[in-house]
Number of protein chains: 2
Amino acid sequence: MRKIPKNASSKLYQLIVSKIRDSILSAQLRFGDRLPSLRKMSDIYRVSVGTVLNAYLQLEKEGFVLAKPQSGFYVSYKSSRIEAQHHHQGIPVDVEISDLVSMIFKTSQGSGFLSLGASSVPANLLPLNKLNQISRELIKKNPEHSSSYLYPPGLEELRIQIAKNCTYFDKVVKSEEIVITSGTIDAVNLCLRSVAEPGDAVIVESPSYYGILQSIEYFKMKVIEVPGHPRTGIDLEILSKILKKEKVKACVITANFNNPTGALMPEKNKQYFIEMMSHYGISVIEDDVFGALHFSDSAPKPLFAYDQEGIVQYCSSFSKTLSPGLRVGWAIPGKHQPRVEKLKYMSSMATASFPQHLVAKYLQSGGYERHLRKLRKSLENNMTEMINAIYSHFPLGTQVTLPQGGGLLWVRLPEYVDLDSLTQEAIKRKISIAPGKLFSTTQNFKNHIRFTSWLDFDSKMDDAFKTLGRLLKAQI
Amino acid sequence: MRKIPKNASSKLYQLIVSKIRDSILSAQLRFGDRLPSLRKMSDIYRVSVGTVLNAYLQLEKEGFVLAKPQSGFYVSYKSSRIEAQHHHQGIPVDVEISDLVSMIFKTSQGSGFLSLGASSVPANLLPLNKLNQISRELIKKNPEHSSSYLYPPGLEELRIQIAKNCTYFDKVVKSEEIVITSGTIDAVNLCLRSVAEPGDAVIVESPSYYGILQSIEYFKMKVIEVPGHPRTGIDLEILSKILKKEKVKACVITANFNNPTGALMPEKNKQYFIEMMSHYGISVIEDDVFGALHFSDSAPKPLFAYDQEGIVQYCSSFSKTLSPGLRVGWAIPGKHQPRVEKLKYMSSMATASFPQHLVAKYLQSGGYERHLRKLRKSLENNMTEMINAIYSHFPLGTQVTLPQGGGLLWVRLPEYVDLDSLTQEAIKRKISIAPGKLFSTTQNFKNHIRFTSWLDFDSKMDDAFKTLGRLLKAQI
């Protein structure tokens, strides 16, 4: 890990670095602006002038500011947060992304790999002690837990608990509206299949989680990618234009912390989006797997909360919050509930029994919300460290998003970067990354990487980012 | 349970009843033949004349024999085991069976229902003590069991154990050829999707498990039903004729104990079937979920064992042998392995971790084969009792199969029977049955019922069959 002042004011040092950086990234401080003087900052934050100086030097190292001798520190960074990328035609195309995805996952599953694009929250952030304690009790009290199928819609006890957890939706969800699934992607598949047939066109934000693109590929549907803004999500203007000319059956979307950009759709956009979908009679499948991982104090509302006409099918899981290997997710398919229930039966008969019982008991026991608060904090802290590391080690011209939740960081590298070669070089060094082209059928993201802030940021992580930075700089 | 002599010779009584019945059903004794005299049988079996008389009276009650005063007992039953039903056109059609299936399952899931067509082996026949003991050890030794995805192909430990269990295949299966799935139906879905696209024609035996028909419906493929013989399975002559005129992509088939008929394809048919499929370049997906539940001493070979060219994809699970709620199955997709692995990832990312670890440890611990032997015996005993009950209580003209494994019994009722009404009447009495039309898109099986011999046959079961018999007789 890079050196930071080891004194009591190290937190304030961090605060100053991130405040200034945020101001620059959000264009409150612009190229050429002078930073507040060391003395002034020392007064405001009640730290030594030396601490402020260290913070400014760190920002200089990251390429945000430049010290002018005898004058002070100036913003040297042109505001260049990743903006929406509008070069897609918006026509339905076949999806063939799965080869790439499996190649990358296969390569990086070996032991000793450090996965900077990890898809699972590591064990130390999960409530494993409690889950295991409940498992033991479950085996004792209900030894026949797995001796029959838990046919769709799945374990009632669990559905009741999930319904209780939906209070922030601003509408009442009943347990009988819920269908238990094997994780979010199973829920998305079932909901999608319930409203669209092979050959139908499906809208997604671009870039989008490869799992969503694969669902469309699985059912031989067609995808229309609509450009998304890395801060505000799907571009509603372009979407509106596309809907005027294309016949679209469904839209699969993550309004809260899109994967990979981390974009959070503003509340007014959500409202407008739902109105538009409703106007065109398009089914919305909402993947809200990250919704509970907001960094701000209150949960963002899902699209589902804005839906008065039952066009949204809500999908989520406990994969990012309790354990990915449980494979417990759920769908709230609205009026399509009977069909989704039936499709679940058709595709896999039932979800495994033990994990359903386990999650139900865990939720009944209380403490889920407390666990989530802790988890959110860790993800946010890791995110800050990761952004620091990227600014420290990556070449100038690198741009990042500033996610407000979820734990996904979308990084745009300078245009000259050869990401295929970087991915290969990184693999040789036992570092795996998730290259941008995983998230689109287009070539728009070939200089992007998705990182996740799920692994605790330690010196090994910092070294990995340093290595990537060195490899990138070597490409210049 | 119906009255049987309570003396020491009750086992011999049972033996005489079933020997004679089998002789009649297999046409060794034909209509009009005279049964051996009471005295002769008493000598052969070393029982009292009274016991033989009771056995003969039981057979008379079942409608197999008739006592002629002063003359003896004569076979009154015309050999009428269910024969193949050849009235299907063999053209590809859409499948729409799932509404019916879910209606029936929904209705009969209430508490207090006695399911005579039960889809799961009950707890008392499963090795739950051992599974739970292993679960406890697993939680202790590997508390992080579920904290990451077990990406396809799934847990290596488990695949190694499954490969070891494939020795009776007459060919070596390596662990890397196996893909772990969420039960058999998931395996069938993935294998089917790996070789066929929406709109493609798929061959199945008629009747076939509704799960297979639903897989075809799920992917919007077309089905061609080829008549099956209830003893020997798919009719190869008709199949050959159909293949000459129809373009077929795949065939999903259960050679060992077809669901619902219990048919076991003779070994020479298996060989010929594979040659035919190979000749026409048709992919075979073998659902062998019942293969391990043979009543004879040795396991029948799967089609997979006859396949030299890699056209068979083998599917099975532990749902019928360890616990259905585990949702642990597997595919051996041959040359399609990479594609099936990818499709597994696309459809549900992974199978739940805990059940995979659990089954792996269970298989490692030994004793699976011992458990299977016990299970097979129970299923066979229950089957005998069930056949007895049907012959005792059902109207004349009722015909049954004589399954050699699996535990499924296919019953043909007289033509006049209104099975919809019977199903409804049975549900009112908290008895659920699996009506024949679940197993076909045709109307060929509307007077058939599938029973399963998985529930222990007790007086409650006998009462249920008595009730069904009364309802049936009331329809005359």
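Set aside the neighbours within four places in sequence, and B:S206 is in contact (heavy atoms within 4.5 Å) with B:E225, B:V226, B:P227, B:G228, B:S440 and B:F445. Bear in mind that this is a predicted model, where local features need pLDDT of at least 70, side-chain atom pairs count only at pLDDT 80 or more, and totals for chains, interfaces and linings use all residues. Residues are numbered from 1 along each chain as its sequence is written, chains are lettered from A and ligands numbered from 1 in the order in which they are written, and side-chain values use heavy atoms, with hydrogens and water left out.

**B:S206**

- You'll find B:S206 in strand β5 (residues 201-206) of chain B; strands are DSSP runs of E with at least two residues, helices are runs of H or I with at least four, and both are numbered from the N terminus.
- B:S206 counts as buried because its relative accessibility is 2%, where buried means under 20% relative accessible area, exposed over 50% and partly exposed in between (1.4 Å probe, protein chains only).
- Its side chain makes a polar contact with the side chain of B:E225 at 2.6 Å. Such a contact is a pair of N or O atoms within 3.5 Å; within protein, one must be able to donate a hydrogen and the other to accept it, and residues adjacent in sequence count only if both atoms are side-chain atoms.

**B:T181**

- B:T181 sits in strand β4 (residues 179-181) of chain B and is buried, with a relative accessible area of 0%.
- The B:T181 side chain reaches the backbone oxygen of B:G183 at 2.9 Å, and one of its polar atoms lies 3.2 Å from the backbone nitrogen of B:W330.
- Not counting residues up to four places away in sequence, B:T181 touches a set of residues including B:D186, B:L190, B:R327, B:K344 and B:T351.

**A:T232**

- Over in chain A, A:T232 is in the loop between β6 (222-229) and β7 (233-234), and it's partly exposed at 23% relative accessible area.
- Leaving aside neighbours within four places in sequence, A:T232 is in contact with A:A263, A:L264, A:M265, A:P266 and A:N269.

**Helices α6 and α12 of chain A**

- The axes of α6 (residues 156-164) and α12 (residues 353-364), both of chain A, come within 8 Å and cross at roughly 45°.

Conventions. Axes are lines fitted to C-alpha atoms, for helices over the stretch in contact, and angles run from 0 to 180 degrees between N-to-C directions.
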